[in-house]
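Please look over the sequence and the structure shown below. A short report on selected local features comes after them.

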Amino acid sequence: MRDFPPRRIVCLTDETAETLYLLGEQDRIVGVSGYAVRPPQVRREKPRVSAFISADIPKILALDPDLVLAFSDLQADIVADLVRAGVAVHVFNQRDVAGILAMIRTLGAMVGAAERAGQLAQGLEQRLNAIAATARPAPRPKVYFEEWDDPLISGIGWVSELIEIAGGEDALPHLRVHKAAKDRIVTPDAVREAMPDVMLASWCGKKVVPDRIRKRCGWSDIPAVRNNRIVEIKSPIILQPGPAALTDGLDEISKALWAERA
């Protein structure tokens, strides 16, 4: 970076943009991902320069960024192009709740707002602990989270953890350690054998169609299907590893698990 803290930041994913807004450091943002929707004004205030695995490199370079923030190996090709062009890039790779909290603290330190970031992360952590400590009626509902429908892909690490914090039991807990989506592919039979009580779905930005789920061969005897407990959670609040997942995403999971028992 030419300056510290960086004055001109491009965020290639939603969670870093949201975090900077929550820290009051949004004026540093000069470009965002087309998927950035939190807070709502980000779409009005900041130019869009990328999708998720593709980006308008000339547009990013024209913004003269001090720093570009990226996420995971999925953006490696974008990062490589920017590095070759001489741009400073930081790639986050958080895949669980602890990683999300660490991302917030790290980003805060990078923009000279370490104390505010620490307070934000601590507040979120206290909220998670309070929700996890909430008394719930037994038994804990067994939950299958579907991140994609063809092939079937189960939930990533932080989603599995949030299900447990909300008082549920992940139906396929052994898969949450796998970072890559391809390693979380499951068979329809595996889901049927798990017999989840609730099915949560967020198909990476594609609208969930419960009727298609109900029509899957052999799924009519799954409790979640039989009892019509198939709930869509919008991708921006659960599949972005940032504050949204720990707040609105967790709240939607809790509602899906416990609304019927309230």
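The report covers an aromatic pair, some strands, some helices and a few backbone features.

## Aromatic pair and charges over rings

The model is predicted. A search of the whole structure finds one aromatic pair. Its members are Y144 and W219, with ring centres 6.3 Å apart and planes at 80°, so the pair is edge-to-face. The pair links distant parts of the chain, 75 residues apart: Y144 belongs to strand β6 (residues 142-149), while W219 is in the loop between α9 (210-214) and α10 (223-226). Both Y144 and W219 are buried.

W219 also has a charged neighbour: the charged end of R216 sits over its ring, 4.7 Å from the centre. At W148, the charged end of K206 sits over the ring, 4.1 Å from the ring centre.

## Strands β6, β9 and β10

Strand β6 pairs with β9 in the parallel sense, over four bridges. Within β9, M199 is the bridge partner of Y144. On to β10 (residues 230-232), β9 has three bridges, and these two strands also run parallel. Here L200 stands opposite V231.

In a regular strand the side chains alternate between the two faces of the sheet. Strand β9 (residues 198-201) can be read in that way: V198 and L200 point one way, M199 and A201 the other way. All four of these residues are buried.

A70 is a residue of strand β4 (residues 67-71). Is A70 buried or exposed? Its relative accessible area is 1%, so A70 is buried. Leaving aside neighbours within four places in sequence, the residues in contact with A70 are L12, Q75, V79, V89, H90, V91 and F92. For F92, the separation from A70 is 22 residues in sequence and 6.2 Å in space, C-alpha to C-alpha.

## Helices

Helix α1 (residues 14-22) has eight of its nine residues buried, so the helix is largely enclosed by the rest of the structure. The buried residues are D14, E15, T16, A17, E18, T19, L20 and Y21. After α1 comes G24, which has a positive phi near 75°.

Helices α6 (residues 114-132) and α11 (residues 243-258) have axes that come within 11 Å and cross at roughly 10°. The crossing angle therefore makes α6 roughly parallel to α11. On the α6 side the meeting residues are L124, R127, L128 and I131; on the α11 side they are L246, T247, L250, D251 and S254.

## Backbone exceptions

Most residues other than glycine have a negative phi, and most peptide bonds are trans. Which peptide bond is cis, with omega near -10°? That bond runs from R38 to P39, and P39 lies in the loop between β2 (29-33) and α2 (42-45). A cis peptide bond also joins A138 and P139, with omega about -5°; P139 is in the loop between α6 and β6.

D64 has a positive phi near 55°. This residue is placed in the loop between α3 (57-62) and β4, and D64 is partly exposed, with a relative accessible area of 39%. S72 has a positive phi near 65° and is found in the loop between β4 and α4 (76-84). With a relative accessible area of 5%, S72 is buried.

Note on methods: Residues numbered from 1 in each chain as written. Predicted model: local features only at pLDDT ≥ 70, side-chain atom pairs only at ≥ 80, totals over all residues. Heavy atoms only, no water. Phe/Tyr/Trp six-rings, centres within 6.5 Å; stacked < 30°, edge-to-face > 60°. Buried < 20%, exposed > 50% of the residue type's maximum accessible area, 1.4 Å probe, protein only. Lys NZ or Arg CZ within 6 Å of the ring centre and 35° of its normal. Pairing = 2+ DSSP bridges. Axes fitted to C-alpha atoms, helices over the stretch in contact; angles between N-to-C directions. Parallel < 35°, antiparallel > 145°, perpendicular 65-115°, else oblique. Contact = heavy atoms within 4.5 Å.
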